[in-house]
Structure formats: structure tokens, C-alpha cells
Amino acid sequence: MIKTTIIGNVVRDLELKKVLEDKTVCVFTVASNRIGAKEGSQSVDFLNVEVWGKMAENCAEYLKKGSGVAVSGD
């Protein structure tokens with residue numbers, strides 16, 4: 001199993017959706033800077049994130065476009 005941690009900023013407004021018998025999902029994109037091997041070079045990765053259940057509701061309530069966020073998951 002691979003564990004991933006993403007640190008960056010929320011790029012766009014979050015989408016909160018109800019699916020399948022009251023399950024909730026929150027979808028958003030995080031921009032994360034990547035420092036390259038060349039001195040001073042930098043690029044940005046845009047990573048899509050899905051959060052389910054109560055945590056999805058909390059994300060939708062407290063996060064917005066531009067918010068700093070750290071996401072950890074399997």
C-alpha cells in the first residue's frame with residue numbers, strides 16, 4: 001500500500017455531492033509546488049482529491065479557493 005501526503009493550496013471552489021444512500025463526497029484540486037533538480041527551477045502539480053463521509057462535510061465547510069491544505073491518505 002502506498003501512503004501519500006499532499007501539501008498545497010486549493011485551486012477552485014469545492015464540490016460537495018450526495019451519492020448512494022446519503023453518502024457524501026467532496027471533490028477539489030490542490031496545487032503543489034515541486035522543486036526541480038536544476039537550481040531555481042520550479043513547477044506546479046495539480047492533484048485531484050476526493051474526501052468521503054463526515055470529513056467531506058468538514059472540508060466543504062472550512063476550505064475554500066486559496067486555502068492552504070495538507071492531505072494525507074492511502
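**Talking through a predicted model**

Colleague: Leaving out residues up to four places away in sequence, which residues does Ile35 touch?

Modeller: This is a predicted model, so everything here is computed from it. Ile35 is found in strand β3. Not counting residues up to four places away in sequence, this residue touches Ser41 and Gln42.

Colleague: Is Ile35 buried or exposed?

Modeller: A residue counts as exposed when its relative accessible area is over 50%. Ile35 has a relative accessible area of 70%. That value is over the cut-off, so Ile35 is exposed.

Colleague: How much of the protein do buried residues make up?

Modeller: A residue is buried if its relative accessible area is under 20%. The protein has 74 residues, and the C-alpha atoms fill a box of roughly 50 × 30 × 15 Å along the principal axes. The accessible surface comes to about 5700 Å², of which 52% belongs to carbon and sulfur atoms. Of the 74 residues, the buried share is 28%.

Colleague: Is Ser67 buried or exposed?

Modeller: Ser67 has its place in the loop between α1 and β5. Leaving aside neighbours within four places in sequence, Ser67 is in contact with Gly8, Asn9 and Val10. Its relative accessible area is 14%, which is under the 20% cut-off, so Ser67 is buried.

Colleague: How far does the backbone oxygen of Lys64 lie from a polar atom of the side chain of Ser67?

Modeller: For a polar contact, the pair of N or O atoms has to be within 3.5 Å. For the backbone oxygen of Lys64 and a polar atom of the Ser67 side chain, the distance is 3.0 Å.

Colleague: What is the phi of Leu20 near?

Modeller: Most residues other than glycine have a negative phi. Leu20 lies in the loop between β2 (15–19) and β3, and Leu20 is exposed, with a relative accessible area of 69%. Its phi is positive, near 35 degrees.

Colleague: And what is the positive phi of Asp22?

Modeller: Asp22 is found in the loop between β2 and β3. At 70% relative accessibility, Asp22 counts as exposed. Although Asp22 is not a glycine, its phi is positive, at about 70 degrees.

Colleague: Last one: how far apart do the centres of the positive and negative side chains lie?

Modeller: The protein has 10 positive and 10 negative side chains. The distance between the centres of these two sets is 4 Å.

Methods: Residues are numbered from 1 along each chain as its sequence is written. This is a predicted model: local features need pLDDT of at least 70, side-chain atom pairs count only at pLDDT 80 or more; totals for chains, interfaces and linings use all residues. Side-chain values use heavy atoms; hydrogens and water are left out. Buried means under 20% relative accessible area, exposed over 50%, partly exposed in between (1.4 Å probe, protein chains only). Accessible areas come from the Shrake-Rupley method with a 1.4 Å probe; for residues, only the protein chains shown count as cover. Lys and Arg count as positive and Asp and Glu as negative; His and the chain ends are not counted. The place of a charge is taken as NZ of Lys, CZ of Arg, CG of Asp or CD of Glu. Helices (H or I, at least four residues) and strands (E, at least two) are DSSP runs, numbered from the N terminus. A polar contact is a pair of N or O atoms within 3.5 Å; within protein, one must be able to donate a hydrogen and the other to accept it, and residues adjacent in sequence count only if both atoms are side-chain atoms. Contact means heavy atoms within 4.5 Å.
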